[in-house]
Number of protein chains: 2
Amino acid sequence: MANDRLSRVFSALADPTRRDIVARLAAGDATVNELAEPYDVTVQAVSKHIRVLEDAGLISRSRDAQRRPCRLEGEVFDLMTKWIERYRREAEDRFRQLDAVLEQMEEQPVTGTPAKEAAS
Amino acid sequence: MANDRLSRVFSALADPTRRDIVARLAAGDATVNELAEPYDVTVQAVSKHIRVLEDAGLISRSRDAQRRPCRLEGEVFDLMTKWIERYRREAEDRFRQLDAVLEQMEEQPVTGTPAKEAAS
DNA sequence: GGGTTATTCAACCGATTGGTTGAAGATGTG
DNA sequence: CACATCTTCAACCAATCGGTTGAATAACCC
């Protein structure tokens, strides 16, 4: 369950260590060992984190001898942004609508029809 | 662990059912029962999902008799968008830089200084 | 007050997660 | 080839997660 792309991306970014790794990769490519260095967990744990980020499509990896340098992939961010912006906009639109309704109610207070719909 | 705001938000949105709930709330407020109706899980399960969304600050709730209508909160989206946009921009900048470097390498191929920095 | 409706609490369960240790691959270097 | 380095695989563990059922709250309606 929750195997779709968006779920994997959000799930990957739900961990602060992984977000930190993303942040550091934004400054430049790095190997597993380099990425693992600042944290006080084993390099295997970081390797797992990187796997999660890779599966989510947030990073890609090449090969340089024994090293597997990680690179941040910008594309996936669009996927998130699109989802987020869509619902944020709708929420804001609704907010503006509510404001309008409240304004009108002020001008011309309750007459009849007790308003009780909205969702259904 | 992973108790900071951003972690809670990303984690909340990592579940497709919860994203669906957010999507539906973008169209208008709704009660727990109304939200639970379309899914084939118990209302308790949905209640838990809503709790998670509320703890993440993605929704707020009021009271209407026994009902607890849920409303989408737009603000939190900004938090995500800011984080995302920041690193997306950096990734894209780096991408452009790389392009420039490759271009220059084409014009004037390898001379000396074997270039081996970038991350550290 | 008694019954109904809406929601949550509590305890439990199987799967997943983030971590560990230890061994195995993969690859350059003496 | 032997060895060191970088990375992953495998097995395990405690904690969390998404779900369940059953009981408890909360508020309305007759």
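## Surface near DNA strand C

DNA strand C is surrounded by 20 residues, of which T42(A), A45(A), A65(A), T31(B) and N33(B) are the closest. The model described here is predicted. Three helices each supply at least two residues of the surface near DNA strand C: α4 of chain A, and α3 (32–36) and α4 (43–55) of chain B. Sorted by class, the surface near DNA strand C has 10 polar, seven nonpolar and three charged residues.

## Surface near DNA strand D

Around DNA strand D there are 21 residues, and those that come nearest are T31(A), N33(A), T42(B), A45(B) and A65(B). Two or more residues of the surface near DNA strand D are given by each of α3 (32–36) and α4 of chain A and by α4 of chain B. The largest share, five residues, comes from α4(B). By class, the surface near DNA strand D has seven nonpolar, 10 polar and four charged residues.

## The fold of chain A

Chain A contains five helices and two strands. Along the sequence, these elements follow the pattern α-α-α-α-β-β-α. Of the 120 residues of chain A, 24% count as buried. When contacts in chain A between residues at least 6 apart in sequence are considered, 53% of them join residues at least 24 apart.

## Helices α2 and α4 of chain A

Two packed helices are described by the angle between their axes and the distance between the axes. In chain A, the axes of α2(A) and of helix α4 (residues 43–55) come within 10 Å and cross at roughly 70 degrees. An angle from 65 to 115 degrees counts as roughly perpendicular, and α2(A) and α4(A) are therefore roughly perpendicular to each other.

Which residues form this contact between α2(A) and α4(A)? From α2(A), the residues T17(A), R18(A), I21(A) and V22(A) take part, and they meet H49(A), V52(A) and L53(A) in α4(A). The residues of this contact comprise four nonpolar, two polar and one charged.

## A residue of helix α2

A23(A) is also found in helix α2 of chain A. Is A23(A) buried, exposed or partly exposed? A residue is buried if 20 or more other C-beta atoms lie within 10 Å of its own, and exposed if 12 or fewer do. A23(A) has 14 C-beta neighbours inside 10 Å and so counts as partly exposed. In sequence, A23(A) and L72(A) are 49 residues apart, while in space they are 9.0 Å apart, C-alpha to C-alpha.

## The interface between chains A and B

At the interface, 31 residues of chain A are in contact with 31 residues of chain B. Helices α1 (5–13), α2 (16–26) and α5 (75–107) of chain A each supply at least two residues of the side of chain A that touches chain B. The helix that gives the most to this side is α5(A), with 10 residues. The side of chain A that touches chain B has 19 nonpolar, five polar and seven charged residues.

## How the two copies are related

Two copies of a chain are related by a rotation about an axis and a shift along it.

Conventions: Residues numbered from 1 in each chain as written. Chains lettered and ligands numbered in written order. Predicted model: local features only at pLDDT ≥ 70, side-chain atom pairs only at ≥ 80, totals over all residues. Contact = placed C-beta atoms within 7 Å. Helix = DSSP H or I, 4+ residues; strand = E, 2+ residues; numbered from the N terminus. Nonpolar A, V, L, I, M, F, W, Y, C, P; charged D, E, K, R; others polar. Axes fitted to C-alpha atoms, helices over the stretch in contact; angles between N-to-C directions. Parallel < 35°, antiparallel > 145°, perpendicular 65-115°, else oblique. Near = placed C-beta within 6 Å.
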